[in-house]
Amino acid sequence: MRSPTNCHGIQRQRMASIRELSLSLWKDVGHRVPCIIDQPPDGALTSWTPLNEADQRQPSKAGILFVKIDKAGSSTMVEVALRIAHALGRRRAKERGLGIPEKRQICRGRVSHAWSKHFSFGSRNRYKSFLFTMLRDPKSRAVSEYNYQVGMSGIEPTEENFLYHLKSIRNFQLGLMVDPSEKDQVKEVSKTDRIFELVSRAAEEFDFIALLERLDESLVAMQFILGLETRYILYTTTKQSGGHVFVKSRANNFKGECRRIPMSPRSQRIEYYFAGNEWKQNNMGDKLLYEAASRDLDRIIAAIGREKFGEALVQYRRSQAIADAKCKPTWPCTKDGRIRSSKEQVSECYLWD
């Protein structure tokens with residue numbers, strides 16, 4: 001049996017080895033952006049687009065592949081991924097002289113929840129794909145998820161319900177980043193060695209892992225890795241719901257209504273649970289993965305050069321401020337819980353240049 005001191009030493013060594021990402025695969029930035037323009041199958045309707053719902057459910061071994069994680073800022077990153085797919089698709093179609101409608105000038109991408117659930121990430125073509133995701137601090141993600149569920153379902157936001165929710169979470173984010181055959185293993189939290197292996201494997205498999213708490217830096221880092229212009233990584237902050245969620249239910253005859261998302265109770269008992277061993281043990285994999293991704297982001301910034309990166313970050317924030325001012329609201333609910341009219345909603349704000 002190992003002594004506690006040795007165990008801690010081994011854990012530190014493993015943590016240090018996690019996420020030793022090399023930028024060599026993407027060092028020739030701008031030339032290996034995986035832009036594959038799909039053509040409609042025989043007999044497809046004229047309304048067919050590469051982003052059709054049926055294809056979004058199907059795995060792909062190539063293309064811009066985003067793994068969507070609930071309540072981790074995934075809507076923002078989906079918007080960025082689609083913006084990149086549209087912008088690079090138009091550029092690729094022009095370069096190759098493809099005489100296809102603009103709505104089909106889109107790089108192949110997968111951004112839905114469904115496509116990755118049964119996909120073995122190791123089977124993809126690494127030279128024709130860019131696999132990425134975005135993580136959120138496990139504690140913040142759990143709170144946000146509970147608040148959202150309360151707003152959607154109408155359950156009472158009591159301390160007991162909140163604790164029940166928290167106790168059910170076991171490495172949720174890691175579970176979406178491992179092979180389908182390993183998803184159940186991330187919940188076996190007592191098997192510490194195996195959790196370390198799964199974290200290491202997930203970190204190595206993904207080309208990039210963004211962090212919600214470091215969103216600006218993550219987007220600029222991805223800009224350098226893929227050789228993108230600043231305009232391709234902008235998003236619309238106006239898609240925020242302002243504390244409300246749009247719900248269609250039998251109770252309102254499926255017409256839709258804006259429900260307020262209540263704040264979860266943050267009692268001393270809840271804080272004790274977050275600080276206790278059970279929460280830490282159950283979500284050790286998520287925490288390790290998040291910390292590894294943060295260290296990797298620091299290394300990427302250092303490799304680019306802090307001065308060069310800082311200048312790009314300033315330019316990005318200036319451009320994002322312009323985007324915030326120009327883009328109209330797209331979320332169905334206003335801050336005061338009113339449903340926006342159709343004229344107030346713009347569904348493709350990410351397309352403007």
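**Close-up views of a predicted model**

**View 1. Surroundings of Ser-294.** Apart from neighbours within four places in sequence, Ser-294 is in contact (heavy atoms within 4.5 Å) with Leu-211 and Arg-214. Ser-294 is part of helix H11; helices (H or I, at least four residues) are DSSP runs numbered from the N terminus. Ser-294 has a relative accessible area of 18% and therefore counts as buried (under 20% relative accessible area, 1.4 Å probe, protein chains only). The model is predicted: local features need pLDDT of at least 70, side-chain atom pairs count only at pLDDT 80 or more, and totals for chains, interfaces and linings use all residues. Residues are numbered from 1 along each chain as its sequence is written, and side-chain values use heavy atoms, without hydrogens and water.

**View 2. Packing of helices H8 and H11.** H8 (residues 215–226) and H11 (residues 284–304) pack at about 50°, their axes 10 Å apart; axes are lines fitted to C-alpha atoms over the stretch in contact, and angles run from 0 to 180 degrees between N-to-C directions. On the H8 side, the contact is made by Glu-217, Ser-218, Ala-221, Phe-224 and Ile-225. Leu-297, Ile-300, Ile-301 and Ile-304 make the contact on the H11 side.

**View 3. Aromatic pair of Phe-274 and Trp-279.** The whole structure holds ten aromatic pairs (ring centres of Phe, Tyr or the six-membered ring of Trp within 6.5 Å). One of them, Phe-274 with Trp-279, is edge-to-face (planes over 60 degrees apart), at 5.1 Å centre to centre and 90° between the planes. Both Phe-274 and Trp-279 are buried.

**View 4. Ring cluster.** Trp-115, Phe-119, Phe-121 and Phe-206 are linked into a cluster by ring pairs.

Methods
Phe/Tyr/Trp six-rings, centres within 6.5 Å; stacked < 30°, edge-to-face > 60°. Buried < 20%, exposed > 50% of the residue type's maximum accessible area, 1.4 Å probe, protein only. Helix = DSSP H or I, 4+ residues; strand = E, 2+ residues; numbered from the N terminus.
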